[in-house]
Amino acid sequence: MLGPFAVSKTFYITTPIYYVNDKPHIGHAYTTIACDVMARFKRLDGFDVKFLSGTDEHGQKVAKAAKDQGISPQELCDRNSKNFRDLLGVIGASNDDFIRTTEERHKVACQALWKQLEANGFIELKKYAGWYAVRDEAFYDEGELTKNADGVLVGPTGAPVERVEEENYFFKLSAFQDRLLKFYDTNPDFIGPKSRFNEVYSFVKGGLNDLSISRTTFSWGVPVPGPKGDDPKHIMYVWIDALTNYMSALGYPNTSGDYAKYWPNVMHMVGKDIIRFHCVYWPAFLMAANLAPPQRVFAHGWWTVEGQKMSKSLGNVVDPNDMVAKYGLDQIRYFLMREIPFGNDGDFAEAAIAGRINGELANELGNLAQRGLGFIAKNLGGELPSPGAFTAEDTELLKAAADIIGPVREAMDKQGFDKALDAIWSVVRAANVYVDRQAPWALKKTDPARMNTVLYVMAETVRHLGILMQPFVPTSANKMLDQLGVPAGERTFAHLGYAHALKPGPLPAPTPVFPRYVPAGEAQAPKPPKGAK
RNA sequence: GGCGGAGUAGCUCAGGGGUAGAGCAGCGGGAUCAUAAUCCGUUGGUCGGGGGUUCAAAUCCCUCCUCCGCUACCA
């Protein structure tokens, strides 16, 4: 199956904008790593890629936090936005841009979109009276309220509510039910995984209410544009502000340049908590402005920690900095992409992480490279030998390594990271079997020419694996390719296959690429070999 | 309450009318190039319970139980 992006060869991928009041944790890292893997994969596959991340900086909670700390909201945003920007570096993200909703380019884009929606007749001013919870920044219906133990009226989240009468602008979301359903029908790949598609579909089918899109009770936001400059009373409320970031970063309302190049060839990666906003509101906003909806939204799951929900009160919130320091960056990236089918929830457990690192990265892949390159270093003076004629076994392995990009690409087009790695691992395992069967250490005495061919086939297979693993473990994969002497410009998927095979000659001294992980406090002593007396 | 998903080996999961599968863990063996890694073999399951359709059901139908997601509503 061709992916939705196969036609135009540009690919725009976004993380959500992270709320500056939050502290970066493994969940943020997960979303961003998934985007980064996609972005790197598409670049290696010949796409012109733009990868965006950023921070969401408006709202009452930010204003209040700043006030509590005696600083301006902008100061607070500057400080906290940096935490997320720093995280990108920590996890090796290759983003091309970083957008902040307090930037001028974003204000311009939001106001332009607003004016377009207004001109098209989809915004109206309505008096609204309702129960408002400051803590949740949300209105609740009368029926949703309960009295808590102290007799205070609270919303479904337990947040106290107050009666508020406000004049708000509303977006006529209700007008889009049919158009959205038709859009889903004709774009069955719009939402992944499939189960989320069905949820969104049935939500829209159940009917849509108009959406309040402005606030007058606080001022930390993008001003609503009026006929003569900004409306002094209203600021835009959350989603119309937040979602627009994806277009602000393309230069909207300028529809030439990046906008023309990348929109709507975009994929939004989101957590499952914000799927409705991306799959219902966002396409509706865009349709209302005569713009094309995005091509795909993928909602990923949550991580528990050792089987428990991650929460501040449990004190088990995983700091990405700690994890990277403890296990290694590529190791964490690999674990997060490999452990679960993307879209499912997963468990961030020491035993599982160690198992993946040692069993797969160190033992199977890392050791494969090291046993081959180490052999060449020790027995052939570090010279990659010239191969002789290939046997059926040689050809079979080389072909498997060269052809696996097909299934890998197919998996990646559906964000099946685990499936892609599964496919790559079929080659890793085949290569280890090959080495055992060919036994170059035995050929050393009996048939050195054949030994040379076997070592060459090994090295060439590792070259393929190095190229294929770059999106997932960029540093380590490139280290592998360095050790094979593969030039930096010859590491894309176009260089898979025998046409770009390794040239015999001197290689740098090999060192193991994926160290084994030894849990802190555990003895370094390895378990005794099987059959040891 | 409604809609949807799930329940298969110790663990994580795949399969979806025709002899129950993979990875990990376990057990046995081989190899000794390598990060004590690798390779081969193998134990293990009346496929959530019950009923039905069928020559044949993990698979289709009914029903019940348990878990999860979305959604609605009541006081």
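Six strands form an open sheet in the order β3-β2-β1-β14-β15-β9, with parallel pairing. The edges are β3 (97-100) and β9 (191-192). Each has a single partner strand, so one side of each is left without a neighbour in the sheet. The model is predicted: local features need pLDDT of at least 70, side-chain atom pairs count only at pLDDT 80 or more, and totals for chains, interfaces and linings use all residues. Residues are numbered from 1 along each chain as its sequence is written, chains are lettered from A and ligands numbered from 1 in the order in which they are written, and side-chain values use heavy atoms, with hydrogens and water left out.

Helices (H or I, at least four residues) and strands (E, at least two) are DSSP runs, numbered from the N terminus. Two strands count as paired if DSSP finds at least two bridges between them. Strands of a sheet pair through backbone hydrogen bonds, either parallel or antiparallel.

Within the parallel sheet, strand β1 (residues 10-19) and strand β14 (residues 266-271) are joined by 3 bridges. Threonine 14 has histidine 268 in β14 as its bridge partner. Helix α1 (residues 26-44) packs on this sheet. The helix touches β1, β2 (48-56), β14 and β15 (296-300), where contact means heavy atoms within 4.5 Å. The direction of α1 makes about 170 degrees with that of β1. Axes are lines fitted to C-alpha atoms, for helices over the stretch in contact, and angles run from 0 to 180 degrees between N-to-C directions.

Arginine 196 lies in helix α6 (residues 194-205). At 17% relative accessibility, this arginine counts as buried (under 20% relative accessible area; exposed is over 50%, partly exposed in between; 1.4 Å probe, protein chains only). Leaving aside residues up to four places away in sequence, arginine 196 touches Ile191, Lys272, Ile275 and Ala299.

An open sheet of 3 strands has the order β11-β13-β12 and antiparallel pairing. Its edge strands are β11 (214-215) and β12 (223-226), each pairing on one side only. β11 pairs with strand β13 (residues 229-236) over 2 bridges. Serine 214 stands opposite methionine 236, and arginine 215 is partnered by isoleucine 235. β12 and β13 pair over 3 bridges. A hairpin of 2 residues links β12 to β13. Helix α4 (residues 104-119) lies across β11, β12 and β13, running at about 50 degrees to β12.
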